[in-house]
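Welcome! Please take a look at the sequence and the 3D structure below before reading on.

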Amino acid sequence: MPATVMNTTRNATAAPAVSVTGLRKSYGDKTVLDGIDLHIPAGSIFALLGPNGAGKTTTVQILSTLVSADADSGRVRVAGHDLATDPQAIRAAIGVTGQFSAVDGLITGEENMLLMADLHHLSKKEGRRVAAELLERFDLTDAAKKPASTYSGGMKRRLDIAMTLVGDPRIIFLDEPTTGLDPRSRHTMWGIIRELVRDGVTVLLTTQYLEEADELADRIAVLNNGRIAAEGTAEELKRIVPGGHVRLRFTDPDAYRSAASALQVATRDDEALSLSIPSDGSQRELRAILDRLDAAGIEADELTVHTPDLDDVFFALTDTTGTVPAQTQENAR
Ligand SMILES: Nc1ncnc2c1ncn2[C@@H]1O[C@H](COP(=O)(O)OP(=O)(O)OP(=O)(O)O)[C@@H](O)[C@H]1O
Ligand SMILES: [Mg+2]
């Protein structure tokens with residue numbers, strides 16, 4: 001990886017790497033993006049989530065100048081350049097890994113890399129150095145001389161991303177970077193993405209893996225029906241959906257019954273002898289539950305705290321009707 005190191009600017013006050021207001025895109029009479037706002041601080045990781053067809057790839061394609069936005073669209077700035085007036089400057093600053101591979105199967109992995117180096121006008125010597133370095137980093141050195149058509153899906157994906165990094169872009173768009181990767185390769189990819197961000201690179205990624213957004217992203221936006229249904233940190237998003245609860249399990253049916261009457265708000269599962277109490281998982285709420293059990297002289301055999309995960313958020317925000325409770329949208333901002 002080229003050694004340019006910028007200060008890591010993981011804070012919201014940094015000039016945004018990507019700033020989008022009122023982005024609109026229709027295909028025929030189908031509105032795909034119905035006024036999208038996005039602000040991505042430099043040096044951060046931003047994840048775009050959303051069901052199939054929500055417009056994630058379309059957003060990436062517009063921001064990376066591959067597809068044009070509608071004429072009545074608002075303003076898009078990437079790396080400080082205006083998309084409408086200076087797309088060439090944007091192209092020079094960014095790297096894009098599309099949802100579908102850009103790898104040419106007929107030539108070797110190394111040749112694919114050297115082709116990218118040529119496109120970026122690197123000298124032969126510099127091109128070979130950068131290609132070798134990236135192939136090594138993506139664990140492709142052994143396969144470098146083999147035709148890319150003989151690579152596994154995961155190897156192709158790694159080569160795809162290595163090719164994106166040849167020009168040392170400061171902003172990277174990754175459309176589903178880890179789809180099809182096994183868990184180990186996925187973790188390796190996460191490590192690489194984190195390393196890029198440590199060097200000051202800004203990453204916008206789309207993903208179907210909520211765990212990935214949770215692990216990696218500083219901020220997450222959920223796209224649904226052409227709009228941003230919610231945006232925030234993973235923790236903020238989880239707080240807007242109900243579902244957090246404390247579960248108490250008992251082996252003694254008498255203790256279970258006493259607890260059920262002491263904790264009126266609990267949902268009972270008489271078969272499993274377990275009680276479920278709505279809770280935000282805070283220390284204050286836990287203490288209140290324990291105090292009531294203590295006061296009644298009851299001891300549970302097991303206490304577990306369940307917080308909503310991003311799956312809950314995804315299901316709550318992207319239901320099939322696409323309606324999001326106004327309250328939820330407000331809270332997410
Ligand atoms: N070139 C095109 N012509 C017409 N419609 C298109 C075109 N590209 C995308 N669409 C439509 O725009 C919508 C959004 O597609 P897009 O590929 O952006 O979704 P996505 O969120 O990336 O989905 P996925 O999770 O399946 O990758 C879909 O309804 C798709 O059919
Ligand atoms: Mg897509």
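This is a predicted model: local features need pLDDT of at least 70, side-chain atom pairs count only at pLDDT 80 or more; totals for chains, interfaces and linings use all residues.

Residues are numbered from 1 along each chain as its sequence is written, while chains are lettered from A and ligands numbered from 1 in the order in which they are written.

**The helix pair**

- Helix 3 (residues 109-119) packs against helix 5 (residues 153-164) at an angle of about 25 degrees, their axes 9 Å apart; helices here are DSSP runs of H or I with at least four residues, and strands are runs of E with at least two.
- That makes helix 3 roughly parallel to helix 5 (angles under 35 degrees count as such).
- Gly109, Asn112, Met113 and Met116 in helix 3 meet Leu159, Ala162 and Met163 in helix 5, with contact set at C-beta atoms, placed from the backbone, within 7 Å.

**Helix 5 and its cover**

- Ten of the twelve residues in helix 5 are buried (20 or more other C-beta atoms within 10 Å; exposed is 12 or fewer, and partly exposed lies in between).
- Strand 6 (94-97), helix 3, helix 4 (124-137) and strand 7 (171-175) are among the elements that cover the buried residues of helix 5.

**Two loop residues with positive phi**

- Histidine 121, in the loop between helix 3 and helix 4, has a positive phi of about 60 degrees although it is not a glycine.
- Histidine 121 is exposed, with 9 other C-beta atoms within 10 Å.
- Leucine 273, in the loop between strand 12 (267-269) and strand 13 (274-278), has a positive phi near 55 degrees.
- Leucine 273 counts as buried, with 20 C-beta neighbours inside 10 Å.

Definitions and conventions. Axes are lines fitted to C-alpha atoms, for helices over the stretch in contact, and angles run from 0 to 180 degrees between N-to-C directions. Angles under 35 degrees count as roughly parallel, over 145 as roughly antiparallel, 65 to 115 as roughly perpendicular and the rest as oblique. Two residues are in contact if their C-beta atoms, placed from the backbone, lie within 7 Å.
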